[in-house]
Amino acid sequence: RPGILENRKANARLLMESMVDGLRERVPLGALTIGSKPVAGPPSPSTFDLLVRNSDFVVVGSSD
């Protein structure tokens with residue numbers, strides 16, 4: 001089950017969703033969970049817990 005932790009920068013979510021879609025073409029994956037965090041800070045405890053509960057791996061990145 002994939003997860004994405006995006007930082008609200010322009011195109012960050014699009015980039016990471018594209019990465020997951022590319023993996024999905026090769027490997028069966030479950031539902032995607034997406035969490036957001038501030039540009040310059042950690043995710044909230046509730047976002048962290050959401051990703052931990054619903055994801056087997058999380059893509060984290062930044063993009064402009």
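Colleague: Which residue in E2 stands opposite Leu5?
Modeller: Gly35 stands opposite Leu5. Strands here are DSSP runs of E, at least two residues, and helices are runs of H or I, at least four, numbered from the N terminus.

Colleague: What kind of model is this?
Modeller: The model is predicted, with pLDDT of at least 70 needed for local features and 80 or more for side-chain atom pairs, while totals for chains, interfaces and linings use all residues. Residues are numbered from 1 along each chain as its sequence is written, and side-chain values use heavy atoms, leaving out hydrogens and water.

Colleague: How many bridges join E1 to E2?
Modeller: Four, in the parallel sense, with E2 covering residues 33-36; strands pair if DSSP finds at least two bridges between them.

Colleague: And E3, parallel or antiparallel to E1?
Modeller: Parallel, again over four bridges. Ile4 stands opposite Val59 there.

Colleague: Is E1 buried or exposed?
Modeller: Five of its five residues are buried, so E1 is largely enclosed by the rest of the structure. Buried means under 20% relative accessible area with a 1.4 Å probe, protein chains only; exposed is over 50%, partly exposed in between. Pro2, Ile4 and Glu6 point one way, Gly3 and Leu5 the other.

Colleague: Switching to H1. Which residues are buried?
Modeller: Ala12, Met16, Val20 and Gly22. They cover an arc of only 155° around the axis, which puts them on the same side of H1; the arc is taken from the directions from the helix axis to the C-beta atoms.

Colleague: What do they pack against?
Modeller: Strands E1 (2-6) and E3 (57-60), where contact means heavy atoms within 4.5 Å.
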